[in-house]
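This briefing concerns one protein structure, shown below. The points that follow are grouped by topic.

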Amino acid sequence: MTQNLLSLKNLRVSLPTPRGALNAVRGVDLTLGEGETLCLVGESGCGKSMTAMSLMGLSPKGAETRADRFDILGHDMTGKPQKAWAGLRGRGMSMIFQDPMTSLNPTLQIGRQLTEGVMLTEGISRKVAEARAIELLEKVGIARAAQRLRQYPHQFSGGQRQRLMIAMALMSRPKFLIADEPTTALDVTIQAQILRLLAELQRELGLGLLLITHDLGVVAAIADRVAVMYAGRIVEEGRAETVFASPEHPYTAGLMAAIPVPGRTPRGTPLPAIPGRVPGLIGSVSGCAFVDRCARALPQCSHLAPPLHTRAGHRVECHLQSVSREEEPQP
Ligand code: SF4
């Protein structure tokens, strides 16, 4: 049995706005085991990135983060100061962001950017740190690694910069990686290469990987488990093959229906989209947050919070789980 690298219970993140508190994350439960790939999926604004940032102790200024349980690598991080988070970020966990240019310093040679953090946290010499950097640059597919340590970010292509970010994230030999839409800024061919690289490294190094994406094709290719997020909550979670084969939440089913199936979806066929928009999350939500977009909504959905149903590790939050198909009102 794998050990949990992270374990979250009832994570809530709210942000102050002039119109009141925006409840971006509204009670998320999440675990990640050793060597496991968990994909967190959902539309923009559903709370995926906010969840990831709070897992790194990087919630935006002014955000209020609370949880009933917030264990990372065996440490209880509830209410811990920034110093405690910095220690964990340097050692046990790393994050890869969407746009490498926001994380790379354009005025510093790559070698310094790769090595300085670990020299500080591990007390190793520049020589040892550079040897590790060269090994990792080669691992992520950057040729002539020793020479390239002396170059600056603008001397690398977009795909190479994302490879640099992966190498940088691995410098501290983390137990798990959080990758937030790591290929969004890249063209499609490079996207596939970077994701393949991430999956290979994850397997080779036995890393836990929390991948945040809205791309279900990617999820199908690499996830062990998938968690579907909507309006700040996880509405369905389970083994990737089960969620893809038989999605139970109407939102998950809508997302799945919008993926073209190679060999089955004729070219040019319009794919069904989920009508409507994610609701605003200022103030409290009564009932199910998906109710205005759900074709199968029941009368109770607008005022009663959907109950959580768990069966063989598959979790679904929906009133439909409490009624049989025959009991559902027909359109
Ligand atoms: Fe639809 Fe109701 Fe289920 Fe929400 S709880 S997804 S509105 S059926």
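Which residues does glutamate 36 touch, not counting residues up to four places away in sequence? In this predicted model, they are Thr31, Gln202, Leu207, Gly208, Leu209, Asp224 and Arg225.

**Glutamate 36**
- Glutamate 36 is placed in the loop that runs between β2 (20-33) and β3 (37-41).
- Its relative accessibility is 14%, and because buried means under 20%, glutamate 36 counts as buried.
- The side chain of glutamate 36 forms a polar contact of 2.8 Å with the side chain of arginine 225.
- Arg225 is also listed among the residues that glutamate 36 touches, as is Asp224.

- Asparagine 10 is not a glycine, yet its phi is positive, at about 55 degrees.
- This asparagine belongs to strand β1 (residues 4-17).
- With a relative accessible area of 24%, asparagine 10 is partly exposed.
- Leucine 73, likewise not a glycine, has a positive phi of about 50 degrees.
- Leucine 73 is found in the loop between β5 (69-72) and β6 (75-76).
- The relative accessible area of leucine 73 is 22%, which makes this residue partly exposed.

**Helix α11**
- Helix α11 (residues 250-257) is largely enclosed by the rest of the structure, because six of its eight residues are buried.
- The buried residues in α11 are Pro250, Tyr251, Thr252, Gly254, Leu255 and Met256.

**Nonpolar cores**
- The largest nonpolar core comprises 56 residues.
- Within this core, the residues with the most contacts are Ile96, Leu114, Leu137, Ile166, Leu177, Leu211 and Tyr251.
- Leaving aside neighbours within four places in sequence, isoleucine 96 is in contact with Gln162, Met165, Ile166, Ala169, Leu177, Ile178, Ala179, Asp180, Pro182 and Leu198.
- Another core, of 33 residues, lies apart from the largest one and includes Leu5, Leu38, Leu55 and Met56.

Notes: Residues are numbered from 1 along each chain as its sequence is written. This is a predicted model: local features need pLDDT of at least 70, side-chain atom pairs count only at pLDDT 80 or more; totals for chains, interfaces and linings use all residues. Side-chain values use heavy atoms; hydrogens and water are left out. Helices (H or I, at least four residues) and strands (E, at least two) are DSSP runs, numbered from the N terminus. Buried means under 20% relative accessible area, exposed over 50%, partly exposed in between (1.4 Å probe, protein chains only). A polar contact is a pair of N or O atoms within 3.5 Å; within protein, one must be able to donate a hydrogen and the other to accept it, and residues adjacent in sequence count only if both atoms are side-chain atoms. Contact means heavy atoms within 4.5 Å. A nonpolar core is a set of buried Ala, Val, Leu, Ile, Met, Phe, Trp, Tyr and Cys residues joined through side-chain atoms within 4.5 Å.
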